[in-house]
Structure formats: structure tokens, C-alpha cells
Amino acid sequence: QVQLVESGGGLVQAGGSLRLTCATEGRTFSSYAMGWFRQAPGKEREFVAVISKNGGVTNYADSAKGRFTISRDNAKNTVYLQMDSPQPEDTAVYYCATVRSGTYYYTARSSNEYEYWGQGTQVTVSS
């Protein structure tokens, strides 16, 4: 079992910046590729970004490319999502999750390809 805890959400003005953090305990963190998803009210959960186990490879949803950056620090058992120039349409609850074992992380964009999830952190972008 992997417990993930997101933090860093809040209210931000459009065009500002925000960094989300997902932390876990334990020595198995580096054995998981990690992803970020988001869910806006009345919408399905959608993929945002994924990062390889060692942090060397990343992949993004089109909506996140050029604005968001996923990174990780395996020494701190932490994965980050840097949100630059967020817009009101980025308002959502953001979740981190571990890529399911046996799943090719680079193309993992469906929530069922992820196994362990955090509780989410609310991001609200004001115009």
C-alpha cells in the first residue's frame, strides 16, 4: 500500500504560478512512475502529466504542455507539479497517483492505469 498526500493547492490569479506537491513515505517511491490528474466539477477525471521512475522522461496532456512541469525528487519521496500561467479552466481538484505495475507509463492517460491515489488538493484560478 502506498499513501500519497497532495498539498500546495489554493487560490491563484490567472497568470500567476502555483506548485503542487505529492509526498509519500517509504522506500518504494522510486519504483513507481507517477502522474497527476485533475477533476473539475461535473467533469471526468483527466490526465495532466506523467513522469518516469527516475524523472528523466515526462509526458503531458495538450492542455498542460508549455505551462505545467512535472518533476520528482526521489530522495524526498516527492513529486511536483509546477503550474505556470494557470487559467480559470485549470480550476479543479488535482490528484497524484502511481502508475500501475506492468503499465507503460509514457502512454498511461486513463485513471484505471493508475493504482494508488492521493486525496486531492483544490486549485482555484481566478480571472
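**Exercise 1.** Classify Phe37 as buried or exposed, then find which rings pair with Phe37.

Solution. Step 1: Phe37 has a relative accessible area of 0%, so Phe37 is buried. Buried means under 20% relative accessible area, exposed over 50%, and partly exposed in between, with a 1.4 Å probe and protein chains only. The model is predicted: local features need pLDDT of at least 70, side-chain atom pairs count only at pLDDT 80 or more, and totals for chains, interfaces and linings use all residues. Residues are numbered from 1 along each chain as its sequence is written, and side-chain values use heavy atoms, with hydrogens and water left out.

Step 2: Rings of Phe, Tyr and Trp (its six-membered ring) pair if their centres lie within 6.5 Å; planes under 30 degrees apart are stacked, over 60 edge-to-face, and the rest tilted. This rule gives nine aromatic pairs. One of them is Phe37 with Phe47, edge-to-face at 5.8 Å between centres and 80 degrees between planes. Phe37 sits in strand β4 (residues 34-39) and Phe47 in strand β5, 10 residues apart. Strands (E, at least two residues) are DSSP runs numbered from the N terminus, as are helices (H or I, at least four).

Step 3: Phe37 and Trp117 have ring centres 5.1 Å apart and planes at 65 degrees, so this pair is edge-to-face as well. Because Phe37 is in β4 and Trp117 in β10 (residues 114-117), the pair ties together parts 80 residues apart in sequence. Trp117, at 24% relative accessible area, is partly exposed.

Step 4: Phe37, Phe47, Tyr95, Tyr114 and Trp117 make up one aromatic cluster.

**Exercise 2.** Locate Arg72 and list polar contacts of its side chain.

Solution. Step 1: Arg72 belongs to strand β7 (residues 68-73). Its relative accessibility is 12%, so Arg72 counts as buried.

Step 2: A polar contact is a pair of N or O atoms within 3.5 Å; within protein, one must be able to donate a hydrogen and the other to accept it, and residues adjacent in sequence count only if both atoms are side-chain atoms. A polar atom of the Arg72 side chain lies 3.0 Å from the backbone oxygen of Phe29. The side chains of Arg72 and Asn74 are joined by a polar contact of 2.7 Å.

**Exercise 3.** Where is Arg67, and which side chain makes a polar contact with the side chain of Arg67?

Solution. Step 1: Arg67 is in the loop between β6 and β7.

Step 2: The partner is Asp90, at 2.7 Å.
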